[in-house]
Amino acid sequence: MNINWYPGHMKKTKDLIVENLKIIDVVIEILDARIPLSSKNPDISKLAKSKQKIVVLNKVDLVDTKDLKKWEEYFLKNEISDYFVALSVEKGTNFNELRKITDKIYSDKLEKMKKKGLRKTEVRAMIVGIPNVGKSKFINKFVNKNKAKVGNTPGFTRGKQWIKINDKIELLDTPGVLWPKFEDENIAYNLAITGSIKDNVLPIEEVVMKFFDKLKILNKIENLVEVYNLEEYTNKEEIKDTENHKILEMLEKRLGIFKNEEHNYETVARRVLKDYRNGKTGKFFLELPEEF
């Protein structure tokens with residue numbers, strides 16, 4: 001699979017990142033906790049290799065937290081990041097942990113400045129991440145004010161914004177940026193399933209089929225029986241061996257979308273993906289470190 005997804009504004013964002021990195025102390029990369037590596041832009045690691053990095057896993061309220069330690073070890077042991085924080089922007093959890101890290105970075109920089117005879121300094125942090133990963137909401141929680149524009153559509157934030165947190169730290173918000181081509185089919189579908197790319201980039205029916213495949217691999221396909229009350233059509237054991245289109249047909253009937261003997265798989269697919277993105281299908285990672 002080789003999907004070209006690179007709107008003009010994303011090329012401008014990459015240029016903006018390159019242009020501003022020279023005045024940045026630390027890069028805070030926001031990742032989607034459901035797909036930590038699939039949501040990590042490989043270009044960012046290359047561009048920011050000489051900078052301190054904080055990986056922030058957002059949306060931990062949508063995953064099983066018992067596996068979080070695996071991801072922390074993966075990012076730190078492989079030296080992908082200097083620091084790791086798992087939080088939920090929606091719930092406002094674990095921001096104090098992040099503030100401790102930025103305070104430490106500030107203290108370290110202040111010590112260096114004092115040796116040069118300077119008494120004041122500030123840390124400049126760049127916020128980066130793919131579209132719809134929650135950067136603007138993250139900033140608003142971090143600042144405790146409504147300073148960044150917020151939207152639920154991938155590609156909402158359009159220009160750079162400098163936001164002063166306090167006398168110690170200033171944030172540069174950048175629009176969500178993806179990389180020019182998705183050469184890995186698994187990454188492309190993970191981004192589509194979670195809504196990080198718009199639903200018109202890949203055929204929505206194919207996306208939900210891949211989602212069912214992943215649910216089977218993760219032993220989560222039985223969740224659909226309970227979530228959608230499918231007991232009339234199947235059970236938690238039978239559904240494991242049921243062909244994906246058959247599952248779609250069951251859901252179509254159960255949701256009352258099947259009309260006039262014409263299938264409407266697209267509508268069913270959109271409903272299923274929306275429910276997953278809102279956490280109704282269960283809390284779990286779509287990928288784990290041992291897969292890489």
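Hi everyone. Before we start, this is a predicted model, where local features need pLDDT of at least 70 and side-chain atom pairs count only at pLDDT 80 or more, while totals for chains, interfaces and linings use all residues. Residues are numbered from 1 along each chain as its sequence is written, and side-chain values use heavy atoms, with hydrogens and water left out.

So, the sheet. Six strands make it up, in the order β4-β3-β2-β5-β7-β6; it is open, and the pairing is mixed. Strands here are DSSP runs of E with at least two residues, numbered from the N terminus, and two of them pair if DSSP finds at least two bridges between them. At the edges sit β4 (83–86) and β6 (161–164), each pairing on one side only. Neighbouring strands are turned by 25° against each other on average, direction ignored; the axes behind that angle are lines fitted to C-alpha atoms.

Let's begin at the β4 side. Strand β3, residues 52–58, runs parallel to β4 and is joined to it by four bridges.

Now for β5, residues 123–129. Why is it largely enclosed by the rest of the structure? Because six of its seven residues are buried, meaning under 20% relative accessible area with a 1.4 Å probe, protein chains only.

Who are its partners? Five bridges link β5 to β2 (residues 26–32), in parallel, and five bridges link β5 to β7 (residues 169–173), also parallel.

Terms used: Axes fitted to C-alpha atoms, helices over the stretch in contact; angles between N-to-C directions. Buried < 20%, exposed > 50% of the residue type's maximum accessible area, 1.4 Å probe, protein only.
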